[in-house]
Every structure is written in C-alpha cells, then in structure tokens.
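The following note sets out points for a colleague who is examining this model. Please read the points alongside the sequence and the coordinates.

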Amino acid sequence: MKYVLRSNGLTKKYGDKMIVEDVNLEVEQGDIYGFLGQNGAGKTTVFRMLLGLIKPLRGTVEWFGENPSTASFNRIGSMIETPGFYPNLTVWDNLDIHRRMCGVTDSFVIEEHLKLVGMEGMGKQKVKKLSLGTKQRLAIARTLLHRPDCLILDEPVNGLDPIGIRETRELLLELRNKRSMTIMISSHILGEIGQMVNRIGIIHGGKMIEQLDYAELQRRNRTYVEIRVDNDGKATWILEQQLHIKDYTVWEKGRIRVYERLEDTGMLNKTLLDGGVIVSEMSLCSETLEDHFVKLTGGVQK
Ligand SMILES: Nc1ncnc2c1ncn2[C@@H]1O[C@H](COP(=O)(O)OP(=O)(O)OP(=O)(O)O)[C@@H](O)[C@H]1O
Ligand SMILES: [Mg+2]
C-alpha cells in the first residue's frame, strides 16, 4: 500500500460560504506531510473531514487504501486545535483516562510515552501547572498511547519556542524512523515545519494550490539577479536575443529576475544600457521557501 491517506474532491460549506473546495490530498507511507496555510485557510476543517468528525458536502476520503471504518480510525492518532485536558488532574491521570477510553489494557504505556516525549518522571504534576510547550508534548504523548500507524497533528508547534520546535521535530522524525509512522502536521508558518517535512500541501482560501515534494521546493530555492528597468519588453528582448538568456521571469512590471549567468552581472548591465534600457537597480538575491509560500498565498506570514 503506497498511500496511507487520500482525499478526492473534499468540499465543505458553512451556510452559503464555501470553506473548503475540491481538496485532493495524497499522503504516502512514511511521509511527514506539512499542511500549510494562513489562518482561516481551511486546515482544521480539512483535518476534521479526514477524521470523520464533520461530514463533507461532497468528496471522499480513503484511509489505508479503503473507505474509512472503525478499524482504520483505530490506526490513527490525532490532535485537533488546542488539546483539552482536565487541568486539576495529574499528567498521569489524564493519560490514564485516555488509555482506558482507547481500550489499551497495559498502563505501562503511560510511562513509556512520557519518556518518549521528554516528560519522564512528570506524571505526578498537575496539568494546570504545565507550560504551553510541555502541554503540547503531553498532547502528542496522548495521541500515541494506542500505537497508531498515522498521526494527524493540527498546529503541534504553534506557540512553541525554537527549542520546543526542534524537540518536536526530533520526536516526529524518531516516530517516523523507529515506528514507521506516517505523520501529517499543519502550520501557518513554513519556517516552523520546513525542516521536518518531506512533502508539502499548500491550502489557500479553502483550495489546495500546490502539493509537492520538499526536495522540489528546495530546488526552487534559487539565487538570481534582480534588475529594475524602464522597459521590460526591450530588456527581455536583449536578454534573449543578445545574451541568449532563457531562464528569467518578469516578476512584476519593470522587475526582472535572471537565474543564469550570475557571474556576469557587469556584462548584463552594459548590454542592457547599450541597448537603450535604463537600469535603475541590479542586485543579487535568493528566493527562500518562505518567499515561495508568500508568493503563492499572496500575504506576509507572521
Ligand atoms: N463551524 C463553523 N461554522 C462556520 N464557519 C466556520 C466553522 N468552522 C470554521 N469556519 C470558517 O472556515 C474557515 C476556515 O477555518 P479553519 O479553522 O479550517 O482554518 P485554519 O486554516 O485551521 O485556520 P487557523 O490557522 O486559524 O487554525 C474560517 O473562515 C472559519 O471562520
Ligand atoms: Mg486551524
């Protein structure tokens, strides 16, 4: 079985408002899949549909190559939005309640998973006294108690400091490597999850606008020369006809990005000037993954 999870045409409306439209997702065995989108893009709504918590208007979900069933949902661990705990109970008691609800008979799993998420010996602490980062770790431990094959984590690093993010990354990689788990996580900040995912789906305004391998995204992470000119038509003619440059884009009116012959910016400048193009600016830049995401979603991510 190649795909752990697939959705086809997943669509959801609330009232007259289209919230999610025609979302096709493909998550393969062993993926750490990053589901990326700005606030309100529809990430949580998609997750709820994938988990059968809300009904789509149309579209289908396939888990482990089959229609969703109790058996398939038993193989999934999930955390949606802010995880709820009993604040006055201890860490151990909170996990124990969940363990029994999941039908896990052996209470040894509690200490095992506290250790796994770096909370060894913290079982006696009351949940209300935990920091946000520790609570997030506890939430991940809770999703793991029944040894699922796949995890769905909605914004698991939201609000964590860089150390917390790194620890979460290491934990997820360990789960993938040692337990062969498949993991899907959402975030609204590419930088937070960029280093832990191998595949990315970008959702914007309820639509899936891109799904690609992280390696492909990195290949697009390129260095280029940006030129500001008074006349793009004339400038691109010179680039192609006189300098034989094919790899360029007109980024916006009067702004051109050239991706080849970067060692030769003096020549580029001179040829354009000689051809009657006024070059008001020329700079060497690189396009980050964050730029790519912002370009696709048309907004600044904070
Ligand atoms: N039960 C609901 N009734 C009406 N509108 C809803 C409901 N749930 C979500 N929405 C709307 O659907 C849109 C998508 O919400 P959703 O929570 O899926 O986004 P998100 O990508 O998870 O955002 P965030 O990053 O803030 O968590 C939002 O405009 C939200 O207001
Ligand atoms: Mg959300």
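1. Terms for helix packing. An axis is a line fitted to C-alpha atoms, for helices over the stretch in contact, and an angle runs from 0 to 180 degrees between N-to-C directions. Helices (H or I, at least four residues) and strands (E, at least two) are DSSP runs, numbered from the N terminus. With these terms, helix α3 (residues 91–101) and helix α4 (residues 108–116) have axes that come within 10 Å and cross at roughly 120 degrees.

2. Basis of the note. This is a predicted model, in which local features need pLDDT of at least 70 and side-chain atom pairs count only at pLDDT 80 or more, while totals for chains, interfaces and linings use all residues. Residues are numbered from 1 along each chain as its sequence is written, chains are lettered from A and ligands numbered from 1 in the order in which they are written, and side-chain values use heavy atoms, with hydrogens and water left out.

3. Overall architecture. The protein comprises 11 helices and 13 strands. Its C-alpha trace spans about 80 × 40 × 35 Å along the principal axes. Of the 302 residues, 47% are buried; buried means under 20% relative accessible area, exposed means over 50%, and partly exposed lies in between (1.4 Å probe, protein chains only). Among contacts (heavy atoms within 4.5 Å) with a separation of 6 or more, 69% join residues 24 or more positions apart.

4. The α3 and α4 pair. Angles under 35 degrees count as roughly parallel, over 145 as roughly antiparallel, 65 to 115 as roughly perpendicular and the rest as oblique; α3 and α4 are therefore oblique to each other. Their crossing is right-handed; a crossing is so named if the near helix is turned clockwise from the far one by less than a right angle, and left-handed if anticlockwise. On the α3 side, Val91, Trp92, Leu95, Asp96 and Arg99 meet Val109, Ile110, Glu111 and Leu114 of α4. By class, this contact has six nonpolar, no polar and three charged residues. Here Ala, Val, Leu, Ile, Met, Phe, Trp, Tyr, Cys and Pro count as nonpolar, Asp, Glu, Lys and Arg as charged, and the others, Gly among them, as polar.

5. The α5 and α6 pair. The crossing of α5 and α6 is right-handed. Arg137, Ile140 and Leu144 of α5 make the contact with Glu167, Thr168, Leu171, Leu175 and Arg179 of α6. The residues of this contact comprise four nonpolar, one polar and three charged.

6. The α9 and α10 pair. Helix α9 (residues 232–242) packs against helix α10 (residues 265–274) at an angle of about 120 degrees, with the axes 10 Å apart. This angle makes α9 oblique to α10, and their crossing is right-handed. Ala235, Ile238, Leu239 and Gln242 of α9 meet Leu268, Thr271 and Leu272 of α10. This contact divides into five nonpolar, two polar and no charged residues.

7. Cysteines. The structure holds zero disulfides, a disulfide being a pair of cysteine sulfur atoms within 2.5 Å. For Cys102, the nearest cysteine sulfur is that of Cys150, 15 Å away. Cys102 is partly exposed, with a relative accessible area of 32%, whereas Cys150 is buried at 1%.

8. Backbone angles to check. Most residues other than glycine have a negative phi. Asp22, in strand β2 (residues 17–28), has a positive phi near 50 degrees. Asp22 is partly exposed, at 43% relative accessibility. Ser180 has a positive phi of about 55 degrees although it is not a glycine. This serine, Ser180, lies in the loop between α6 and β7 (182–187) and is partly exposed at 45% relative accessibility.

9. A buried arginine. Arg255 lies in strand β12 (residues 255–258) and counts as buried, at 16% relative accessibility. Leaving aside neighbours within four places in sequence, Arg255 is in contact with Glu226, Ile227, Arg228, Asp232, Thr249 and Val250.
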